[in-house]
Amino acid sequence: MIAWRDAMSVGSPALDADHKKLIELINLTEEWLGRESWPQVGAVIDDLLLYVQEHFRREEAIQAAIKFPDTEAHRRLHEALAARARLLHDKFKAAATDAERRTCGAVLAKVLNEWLIDHILKQDMKFKSLIPKKAPPPPTAGAELKTGLPQPSDEELAAERKARREAREKDVEYELPPNLAYLLKRIEYVIPHLPSPATGFDSFEKFCEAAICRRIDKVLVFFQRHNPALSLELPPVFLSSPEFAEKFREAIVKFIFPVIWDSRQIRMLATSYAWAEDDTETFWEHVTRPLEQSILLGWTQGWDDLKLLETKKDGLKVFQVKDNTKALREMLQPSSPQAYDIPKIGNREIETFKSLLDPANDWWETLNRAWRICHDLYEQEKDPRIFQQKAREGAFRDNLLATFNRFPPQWVDFLVLACHRVFPRISTAFLESFATNLGRNDAEREAHIPYTIRYLRQAREIPGIRDRERDEEMEWQLRMKELSDYLAHRPKKE
Ligand SMILES: [Fe+2]
Ligand SMILES: [Fe+2]
């Protein structure tokens, strides 16, 4: 995996953005290669090569505009890479066995990877000094004088516009009639922003509390993604609601953190480093293996103490609810039924809460990578952009099923529901059919995805949902037909 570094900036925000995007696509290629998902490797390489071409056009136009003397030689470098990548791509497509695909794909990723980094750092840097910088904005009173970040100059913008115009003439996607123009854009939705790590605490206790809550927040914030354009009748499940996240934090502070804090080990940490200058993210770098275990122990113990006690009365199972558990139930109630849905808190919910902290793992990156794959597969299978290769039928579902092994088992349920809240065609009808993979009846399925089943039970009670979904699906099919008609009859260009 490559990561973007400031040292890679060539001084043009537009080209930097391109380079970042290319890095992202190469990383994604490697990700798919690692999983040996060949159709996806093919699809992402298609995307990558298209984007490389577009970037080269943009960069060459900017070079011409800033009168970079080596434009011609640079263009030849671009051409050589494009030719080599195309050749490897063809080879990959022609590969007959997995072993061949593995080799071809790996070579291609390596070539692109090395070439891109080397090219950006050496060749693209050569024109950095020629990119005109805009005057920095006047400093505000009392503010420290900072050098302004390079802004695109008028010349650069004009060159970009020209490059874009040329691309538009070449690419079919830009000729689409307005009713199909949405197929140009990636699907848009809200991905909540993860707040910056906090610092400046007056006590080590408060600092630890915040650091633990941050790690949990990272999981909760991940599940809060949603698509405001979808008009869903049912409220989100508790785990996806920002209001729940806030209440959950209060519950941790009240019921769980004191149990963790009880251990000498965490308090000892205060003496071993200058924590006051640290923040809630880097805190975790100081947590040793034994301390991880001690935090987990307190966490588990804290939740287990809140569990309902199972006793037998006249041969019948009876659950005894402790006062603390009642207080927890009270605390985690939504402010209104529309804010979020939460069942009466029982031992299953407590197990779900328990799964949210993993002192040994920061799941943020892994979750986001898994999401990128969900997003791409959704687009490729369920709502393909016209410049994308199509994924095989069932690829999206299979990927969701595969995530069961990669995350704490409780999370998959919420991932499924997040897909439903983000992707228009992941309807309750899709969820119903998805659930059939996980058991013969609701009771069996409930063991795997209790909250999806709960959601579906509620959805079945609202007949309007099925009608709305059917209408939306028909509309989508109609647009797809319009698109294929348009593509079949569009005027040929020389
Ligand atoms: Fe470049
Ligand atoms: Fe370049």
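Visitor: What makes the charged end of Arg 225 one that sits over the ring of Trp 371?

Guide: In this predicted model, the charged end of Arg 225 lies 4.7 Å from the centre of the Trp 371 ring. The limit for that distance is 6 Å, with a further limit of 35 degrees from the ring normal, and Arg 225 is counted as sitting over the ring.

Visitor: How do you know that the charged end of Lys 21 sits over the ring of Tyr 51?

Guide: The charged end of Lys 21 is 5.9 Å from the centre of the Tyr 51 ring, a value to be set against the cut-off of within 6 Å, and this contact too is listed as a charge over a ring.

Visitor: Why is the pair of Phe 207 and Phe 283 called edge-to-face?

Guide: The structure holds 38 aromatic pairs. For Phe 207 and Phe 283, the ring centres are 5.6 Å apart and the planes stand at 90°; because pairing asks for centres within 6.5 Å and edge-to-face for planes over 60 degrees apart, the pair receives that name.

Visitor: Which parts of the chain does this pair tie together?

Guide: Phe 207 belongs to helix α6 (residues 204–223), while Phe 283 is found in the loop between α8 (264–272) and α9 (289–304), so the contact joins parts that are 76 residues apart in sequence.

Visitor: Why are Phe 207 and Phe 283 described as buried?

Guide: Buried means under 20% relative accessible area; Phe 207 has 1% and Phe 283 has 0%, so each of these residues counts as buried.

Visitor: How many disulfides are counted?

Guide: A disulfide requires two cysteine sulfur atoms within 2.5 Å, and the count comes to 0. As for individual cysteines, Cys 104 is buried at 14% relative accessible area, and Cys 208 is buried at 0%.

Terms used. Residues are numbered from 1 along each chain as its sequence is written. Chains are lettered from A and ligands numbered from 1 in the order in which they are written. This is a predicted model: local features need pLDDT of at least 70, side-chain atom pairs count only at pLDDT 80 or more; totals for chains, interfaces and linings use all residues. Side-chain values use heavy atoms; hydrogens and water are left out. Rings of Phe, Tyr and Trp (its six-membered ring) pair if their centres lie within 6.5 Å; planes under 30 degrees apart count as stacked, over 60 as edge-to-face and the rest as tilted. Helices (H or I, at least four residues) and strands (E, at least two) are DSSP runs, numbered from the N terminus. Buried means under 20% relative accessible area, exposed over 50%, partly exposed in between (1.4 Å probe, protein chains only).
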